[in-house]
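Some labels in a structural description rest on cut-offs. The questions below ask for the grounds behind them.

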Amino acid sequence: MTAIKDSLLEPLKDGIFTFACHKGVDCFTKCCASLSLVLTPYDILRMKNRLGMTSDDFLLQYTETRLDPPARFPMVTLKMNQEDKRCPFVNSQGCTIYEDRPGACRIYPVGRASMKLEQEKEAREKFFLVREGHCLGFREDKAWSIEEWMVDQGADEYNAMNDQWLEIITSQRSLGPEKDLSRKIQMFFMASYNLDKFKKFVFESRFLRLFDIPSEMIDRMAKEDTELMNFAFEWLKFSLFGMNTIRMR
Ligand code: SF4
Ligand code: SF4
C-alpha cells in the first residue's frame, strides 16, 4: 500500500518487527482507504478469479490506468469508492477478498523493494517497515521475522510471479522504433493485465501456427492461468525487446 501521508518508511532492524492486526484494534480497516495501490498482473488474476469476473469487466469496474513518465509502461491501480474513498472490497468485518488480496495488502506493514536482473535467477530484495500514524498494530507484542511474516501472509507465490514481471517493467532494453511504440504498449497492457484477452490471442488466432510452442506447454497454458501468465511474460520479452524467448516456426 502506498501514498498515505503520515507514513514513515523504516529500516528493519535485524529483520524483526512487532505487530498484530485483528478486529479488536481501534484502527481496524482504517488502512483500506485513500490508497494508490498498484496492481500487478498476478494481483489482478487472483482478484478477478475470486470475483468470478472476466479480465475486461474487472479492469473496467475496479481499476484505473495511468502512465507516469519516466515509466515506460502503463500501471493499473485499484479504484477507490468515489463517495468515501474506501477500497471497494472492505466492509466492517475486514477485507471481503482476504484470501486473494493484492500482494501489497498481504505483506503490509512490511514493504518489499525488489529488483530482478535478466541474468539472475532470483530477485534481490530489501524489506522495510511502513510505519503509519493510524496503525495501532505496532503496539501489539507479537514478534515476527520477515521470513515468518511472508509465510504467514502467503506472499511467496505473489513475489515469485511479480518478480518475473518486474524484470520486464524495469528492463533497460530498447523498445525499438517510435512507430512501433503504441502497438507495443497495447501488447504490454493485454499480456500483463488482461489474461482472458491474451488467452484468446494465443488460442484463437494464428499464434500457435506461427510460433513453435511445445505441446505439453500448450496443454498446461490451456488449463492453468499461472502457466499462461508465465508464458505471457516470456512473450513480452520477445515482442517488446526482441529477446530470444520464443521460437518462430
Ligand atoms: S491500520 Fe494497521 S492494525 Fe489497523 S487494521 Fe490496518 S493494518 Fe491492521
Ligand atoms: S484489497 Fe482488502 S486488504 Fe487490500 S485495501 Fe482492499 S480491503 Fe484492504
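**Labels and their grounds**

Q: By class, what makes up the shell around ligand 1?
A: The shell around ligand 1 has eight nonpolar, three polar and one charged residues. The residues around ligand 1 include Cys21, Lys30, Tyr108, His134 and Gly137. A residue is near a molecule if its C-beta atom, placed from the backbone, lies within 6 Å of it.

Q: What kind of model is this, and which pLDDT do local features need?
A: This is a predicted model: local features need pLDDT of at least 70, side-chain atom pairs count only at pLDDT 80 or more, and totals for chains, interfaces and linings use all residues. Residues are numbered from 1 along each chain as its sequence is written, while chains are lettered from A and ligands numbered from 1 in the order in which they are written.

Q: By class, what is in the shell around ligand 2?
A: Nine residues are nonpolar, none is polar and one is charged. Among the residues around ligand 2 are Cys32, Cys87, Cys95, Arg101 and Cys105.

Q: Why is Asp56 called exposed?
A: Asp56 has 12 C-beta neighbours inside 10 Å, so Asp56 counts as exposed. The cut-offs within 10 Å are 20 or more other C-beta atoms for buried, 12 or fewer for exposed, and partly exposed in between, with C-beta atoms placed from the backbone. Asp56 lies in helix H2.

Q: Leaving aside neighbours within four places in sequence, what is Asp56 in contact with?
A: Asp56 is in contact with Asn194 and Asp196. Contact requires C-beta atoms, placed from the backbone, within 7 Å. The C-alpha atoms of Asp56 and Asp196 are 7.8 Å apart, across 140 residues of sequence.

Q: How does the span of H10 compare with the expected value at 1.5 Å a residue?
A: H10 (residues 225-241) has 17 residues and reaches 24 Å from first C-alpha to last, close to the 24 Å expected. The expected span is 1.5 Å times one less than the number of residues.

Q: Why do the buried residues of H10 line one face?
A: Seen down the axis of H10, they fall within an arc of 160°, so they line one face of the helix. The arc is that of the directions from the helix axis to the C-beta atoms. Trp235 and Leu236 are among the buried residues of H10.

Note on methods. Nonpolar A, V, L, I, M, F, W, Y, C, P; charged D, E, K, R; others polar. Helix = DSSP H or I, 4+ residues; strand = E, 2+ residues; numbered from the N terminus. Contact = placed C-beta atoms within 7 Å.
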